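Take a moment with the sequence and the model below.

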Amino acid sequence: MANPSPASRAQQAQQQRTQKSSLGKLGFTLSLLLVLAIMTAAAIGGMRVMVVGNTELLSAVLPEDGRGATVVGGLAFGALAGMLVPVILLSVVKPDAHGDRVSLQQGAWRLLGVACITIYLAAVSVLVAQLGWLLPENVTTALAVPLIGLSWLPAAVLASSDRFKASGLGRLLPKSRKTG
């Protein structure tokens with residue numbers, strides 16, 4: 001059997017790259033759709049948890065005009081958890097472009113970090129809901145969006161500080177890669 005010519009080998013290699021590229025794009029699209037579906041379901045679930053909490057657990061603490069803030073908080077922590085949890089789990093299973101995978105221990109620390117952030121957002125939403133004692137419901141809900149949405153900024157600044165990293169809690173953060 002004769003060896004194929006260099007031109008036909010190059011053509012076969014190009015076809016294989018095209019097939020791999022198409023499969024990669026399909027895999028990425030399916031993964032993205034999975035994460036978006038989980039994020040949407042978790043946002044609705046988080047909102048539902050806060051609505052049930054309004055009627056049963058927190059009814060004595062929350063003013064009537066502050067209930068919209070807890071719904072905003074439920075959407076925030078549900079969407080955040082729904083986005084980060086599948087991404088973290090996928091990073092434990094599938095290596096990144098550099099061939100590195102997140103270890104099971106690092107994944108567990110990151111999931112613990114997500115749990116802390118969701119609890120923090122739920123607490124912030126209850127705090128913002130207290131504005132309902134002073135302001136009408138529409139104003140309280142309108143203020144809840146930026147207050148809850150931007151409440152993570154101090155935590156991000158703290159997490160990026162050297163003191164935080166030196167305390168040992170920096171394990172929650174991904175390690176940066178040096179290029180050069």
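Which residues does A122 touch, not counting residues up to four places away in sequence? A122 touches M50 and F77. Contact here means heavy atoms within 4.5 Å. A122 lies in helix α3. Helices (H or I, at least four residues) and strands (E, at least two) are DSSP runs, numbered from the N terminus. A122 counts as buried because its relative accessible area is 18%. Buried means under 20% relative accessible area, exposed over 50%, and partly exposed in between, with a 1.4 Å probe and protein chains only. A69 is 53 residues from A122 in sequence, yet the two C-alpha atoms are 9.9 Å apart in space.

A word on the source. This is a predicted model, in which local features need pLDDT of at least 70 and side-chain atom pairs count only at pLDDT 80 or more, while totals for chains, interfaces and linings use all residues. Residues are numbered from 1 along each chain as its sequence is written, and side-chain values use heavy atoms, with hydrogens and water left out.

Now step back to the whole protein. The secondary structure comes to 6 helices and 0 strands. Along the sequence the pattern reads α-α-α-α-α-α. Of the 180 residues, 23% are buried. Take the contacts between residues at least 6 apart in sequence: 71% of them join residues at least 24 apart.

Return to α3. Its 26 residues should span 38 Å at 1.5 Å a residue, and the end C-alpha atoms are 37 Å apart, which agrees. The expected span is 1.5 Å times one less than the number of residues. Several residues of α3 are buried, among them G107, R110, G113, V114 and T118. Further along, the buried residues include L121, V124, S125 and V128. An α-helix has 3.6 residues a turn, so residues three or four places apart point the same way.

What packs against α3? Start with helix α2, residues 67–93. The two helices pack at an angle of about 175°, with their axes 8 Å apart. Axes are lines fitted to C-alpha atoms, for helices over the stretch in contact, and angles run from 0 to 180 degrees between N-to-C directions. α2 and α3 are therefore roughly antiparallel to each other. Angles under 35 degrees count as roughly parallel, over 145 as roughly antiparallel, 65 to 115 as roughly perpendicular and the rest as oblique. On the α2 side, the contact includes A69, G73, F77, L80 and L84. On the α3 side, it includes G107, R110, V114, L121 and A122. By class, this contact has 18 nonpolar, 5 polar and 1 charged residues. Ala, Val, Leu, Ile, Met, Phe, Trp, Tyr, Cys and Pro count as nonpolar, Asp, Glu, Lys and Arg as charged, and the others, Gly among them, as polar.

Next comes α4, residues 137–149. α3, residues 104–129, packs with α4 at about 145°, and their axes are 10 Å apart. The crossing of α3 and α4 is right-handed. A crossing is right-handed if the near helix is turned clockwise from the far one by less than a right angle, and left-handed if anticlockwise. L121, V124, S125 and V128 of α3 meet T140, A144, L147 and I148 of α4. That contact has 6 nonpolar, 2 polar and no charged residues.

α4 also packs with α2. Their axes come within 8 Å and cross at roughly 25°. α2 and α4 are therefore roughly parallel to each other. Their crossing is right-handed. G68, A69, V72, G73 and A76 of α2 make the contact with E137, T140, T141, A144, V145 and I148 of α4. These residues divide into 6 nonpolar, 4 polar and 1 charged.

Is R101 buried or exposed? At 53% relative accessibility, R101 counts as exposed. Leaving aside its neighbours within four places in sequence, R101 is in contact with S91, V92, V93, K94 and P95. S91 lies in helix α2. S91 and R101 are 10 residues apart along the chain, and their C-alpha atoms are separated by 6.1 Å.
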